[in-house]
Amino acid sequence: MPNTALDTLLAHRSVRKFTPEKLTTDQVHTLIDAAQHSATSTFSQQYSILSVTNPAKLAVLGDITGHHWLEKAGHYFIFLVDQYRNQQLVPTSATTAENLHSVDKLLAGIFDATIATEAVVTAGESLGLGSTIMGSILNDVPRLIQLFDLPELTFPILGLAIGHPAEQPEQKPRLPQELIHFENQYQPITATEPHLVAYDALLKTYYQQRSTNQREETFTHHIVTEFSRDPQQRAGILAALRQQGFLQEKQ
Ligand SMILES: Cc1cc2nc3c(=O)[nH]c(=O)nc-3n(C[C@H](O)[C@H](O)[C@H](O)COP(=O)(O)O)c2cc1C
C-alpha cells in the first residue's frame, strides 16, 4: 500500500473491474471531503457531485457510456459544472447574467469539476480503491439532463466509477518528458522525432505483453484512430451546453 502522496500519484492506473463490496457512507464522505479541499477558481466552488445509487439510473449510464461494468462499481459519481447554485446568490442584472452565462464561467466550472474529479481519484487510490474517469457520459448529455433533473447552468462533465479493485492492470507508459515539458519556448516535433519513435516502440511492447486485451498498437496509431472517429458521435455537446444556458455572452 503506497504511503505518500507521490507514491500514490506515481502508482496510478485506471481500474475497470471491482469486487462486489460497496463503498461505505463514511468512505463516500471522505472522498467528497478530499474533492472539496481542492483549489477552486476564484473560490467560487462552481461544481457539484452527484452520487448515482439507483440501479435503473446506473443501467442508463451503462447504456450511454457503453461501460456496463460501471454498474458493478463500489460507487458512481458524476461531476457537474455548476453555476446554478451561485446564480441563486447574486442579484439579477445584465452584468451578473452575462458573467454567469459566459465562456469564462463555463471554463471555470470545468476546471473546478475536473480538479475535484482527480482529487477523488487520488484520494480513493490512497485508500486502496481503484477508479476510472468517464468522459463517455458526454455521449448523451440531453438524456443525463433529463435523468437527473439538471437545472440550467449545470452540466455533467465527467463520470467516475470507483470501488475495491478486482484487477491490478499494468501501468501504461507515458510520453517521454522531452515531448511534454519545455523550457521557455515550445518545441514542435515531427512524427519521426527519435523520442516519439522510441515511445511508439515502448508502447508496442506494452500492448503486446500486457495481461489483458493484448494487441498490435503504437501511440501514433492510437492517436490516428482517435482522430478518425465519427465527429458526429458527440455533435450534440454544443447544443446541450447552450440548452443549459452556457456560452450566451454577447460577442
Ligand atoms: C477526461 C477523461 C475521460 C476518460 N474517459 C474514459 C471513458 O469514458 N472510458 C474509459 O474506459 N476510460 C476513460 N478514461 C480513462 C483513460 O482511458 C485512461 O486514463 C488512459 O487510458 C490512461 O490509462 P491509466 O489511467 O490506466 O493510466 C478517461 C480519462 C480521462 C482523464
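Tutor: Start with Ser14. One of its polar side-chain atoms lies 2.6 Å from an oxygen atom of the ligand. Keep in mind that this is a predicted model. His67 also uses its side chain: an N or O atom there is 2.7 Å from a nitrogen atom of the ligand. Gly135 works through its backbone instead. A backbone N or O atom of Gly135 lies 2.9 Å from a nitrogen atom of the ligand. Now widen the view. There are 13 residues around the ligand. Ser14 and His67 are among those that come nearest, along with His12, Ser136 and Lys172.

Next, the helix pair. Helix H2 covers residues 25-36, and helix H6 covers residues 103-126. They pack with their axes 8 Å apart, at an angle of about 135°. Because of that angle, H2 is oblique to H6. Their crossing is right-handed. From H2, the contact uses Leu31, Ala34 and Ala35. These meet Ala116, Ala119, Val120, Ala123 and Gly124 of H6. By type, the contact residues are seven nonpolar and one polar, with no charged residue.

How values were computed:
Residues are numbered from 1 along each chain as its sequence is written. This is a predicted model: local features need pLDDT of at least 70, side-chain atom pairs count only at pLDDT 80 or more; totals for chains, interfaces and linings use all residues. Side-chain values use heavy atoms; hydrogens and water are left out. Axes are lines fitted to C-alpha atoms, for helices over the stretch in contact, and angles run from 0 to 180 degrees between N-to-C directions. Helices (H or I, at least four residues) and strands (E, at least two) are DSSP runs, numbered from the N terminus. Angles under 35 degrees count as roughly parallel, over 145 as roughly antiparallel, 65 to 115 as roughly perpendicular and the rest as oblique. A crossing is left-handed if the near helix is turned anticlockwise from the far one by less than a right angle, and right-handed if clockwise. Contact means heavy atoms within 4.5 Å. Ala, Val, Leu, Ile, Met, Phe, Trp, Tyr, Cys and Pro count as nonpolar, Asp, Glu, Lys and Arg as charged, and the others, Gly among them, as polar. A residue is near a molecule or strand if one of its heavy atoms lies within 4 Å of it. A polar contact is a pair of N or O atoms within 3.5 Å; within protein, one must be able to donate a hydrogen and the other to accept it, and residues adjacent in sequence count only if both atoms are side-chain atoms.
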